[in-house]
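Let us walk through this structure step by step. Keep the sequence beside you as you go.

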Amino acid sequence: MAEFGGWDMPIQYEGILAEHEHTRTKTGLFDICHMGEFELTGPSAVADLERLLTMKVSTLAIGQCRYGFMLNEQGGVIDDLTCYRLGEERYMLVVNAATLDGDSAWISRHLSSGTTFTDLSDGIAKLDVQGPTARAELEKVFGKKLQDLGYFKAEPFQCLGTEMFVSRTGYTGDWGYELYFPASEAVRIWRALLANENIKPVGLGARDTLRLEMGYSLYGHELSTDRTPVATSRGGFIRKEGGFIGEAAVRHDLENPQEFLVALEFDSKRAARSHDKVFFQGVETGMVTSGSVSPSLGKAVALAFVKAGHAVVGTVLDVEIRGKMFSAKIVELPFYKKGTARG
Amino acid sequence: MAVPNDLYYAKTHEWLKIDENIATVGITDFAQNQLSDITFVELPDVGREVEAGDEVAVVESVKAASDIYAPVAGTIVEVNAGLEDSPDMINASPYDAGWLFKIEVRKEEDVDNLMSAEEYAESCDEEADVEED
């Protein structure tokens, strides 16, 4: 167990490699109750959200969600989050645990009088069910068919004696769902899912290796208040029309990028770790933000910020790992190319 | 947690088996369990002279890398080359197939500074208690 955003979280159950493999080939179950859920309602909710968030909110259909960033005035990332449109004037934000209190305070300070903000986190449980067989295994547990849901689409679903909100999203790169339901039902639903022996619990350790293989950002590593999201997303998840807090800094970085996040692949299994230094022909060019052995590839991979001029696919860089240099090549993301997330 | 009686133990979770003047060194069951899946091992060069407490190897799991220290002074005379392809042998068999290296012992008195199985088991219990808090 480890402390994570104020929660005691399991790093592993059976073992990180076994849990990783199970998620890539069958179905893994992730206890994600630590993440926060906010609801914003009212006639001005959409305008407030567009000012607070970088992604397009006004064009969300009911039952659709988008991923993006919440920035401060300097363009630093307060959090990365998902915004769902639940109804005509009703939205849900899903936020990181460690940033929840700061998010809540920031949002509250920037609301119009026509928007009601509610922190629903204590009352909502979240379980992620992820893997190529997730749909079939979930249907076995639910005893009924799931609707055909598109990627980044969600809808209410009655099953196991409770009302769930089922979202076809995830953090693994494989097909899967994020289930939201009343916290009072969490233990019962967790047990019902694990009664299906094809579904196995997966801890934070494999959650990290799975997301790293896809190149998905982890707040505190690839995203923080230290820089705008431009170096990480290269403009992705940021709407062109602007109109959000932090826009000036984002535009500055878009026009004049100093550094980019790159994907590094090593020949060996020797893993670089966060803060390891990266060199180009002997000159320091940046820093690793996440690194691990990739269980699917059988070699070490890393994400690193490097100077924009060196951020070219195919470039060979050197990473200093515990005093020794290891070469690594910049490759295209994702590292793992067989992900089934989109179907 | 297995702690065989015929071995000596270091506080840093290495075990040591003495046969004449050759000491075989590995990491304990407690250590491999804490590290979880081991994915990479860096072993010392044969012939290297080491002092007790020197960093001589690195054992890396999915989670983190850990230094392995020489429990006694001497010369590295052999390494377990099979670990390069199968580092997970340390998880499966920490006291046998998962040994790391052998040292020709220079100072026999170094062994007196190590712990017995009983003392080591006790120190692990204390460490586990601290983690529970």
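Begin with B:His13, which counts as buried at 12% relative accessibility. The cut-off explains the label: a residue is buried when its relative accessible area is under 20%. Bear in mind that this is a predicted model. B:His13 sits in a loop of chain B, between strand S1 (8-9) and strand S2 (14-19). Its backbone deserves a look too. B:His13 is not a glycine, yet its phi is positive, at about 75°.

Now turn to chain A for another residue with a positive phi. A:Arg322 is not a glycine either, and its phi is about 45°. Find A:Arg322 in the loop that links strand S18 (316-321) to S19 of chain A. Is A:Arg322 buried or partly exposed? Its relative accessibility is 41%, so A:Arg322 counts as partly exposed.

Follow chain A past strand S19 (324-331), and you reach the segment that holds A:Pro334. Here the backbone has a cis peptide bond, between A:Leu333 and A:Pro334. The omega angle of this bond is about -5°.

Next, step back along chain A to strand S16 (residues 283-294). How many of the 12 residues of this strand are buried? The count is 9, so S16(A) is largely enclosed by the rest of the structure.

What does S16(A) pair with? One partner is strand S15 (residues 277-280) of chain A. These two strands run antiparallel and are joined by 4 bridges. Across this pairing, A:Lys277 stands opposite A:Met287 of S16(A). The two strands form a hairpin, with 2 residues between them. In that turn, A:Gln281 has a positive phi of about 45°.

Strand S17 (residues 299-307) of chain A also pairs with S16(A). Again the strands run antiparallel, and 8 bridges join them. Here A:Val293 faces A:Ala300 of S17(A) as its opposite residue. S16(A) and S17(A) make a hairpin too, with 4 residues between the strands. A:Gly298 in this hairpin takes a positive phi near 75°.

Take B:Asp129 as an example. B:Asp129 belongs to helix H3 (residues 117-132) of chain B. Its relative accessible area is 49%, so B:Asp129 is partly exposed.

Conventions: Residues are numbered from 1 along each chain as its sequence is written. Chains are lettered from A and ligands numbered from 1 in the order in which they are written. This is a predicted model: local features need pLDDT of at least 70, side-chain atom pairs count only at pLDDT 80 or more; totals for chains, interfaces and linings use all residues. Side-chain values use heavy atoms; hydrogens and water are left out. Buried means under 20% relative accessible area, exposed over 50%, partly exposed in between (1.4 Å probe, protein chains only). Two strands pair if DSSP finds at least two bridges between them.
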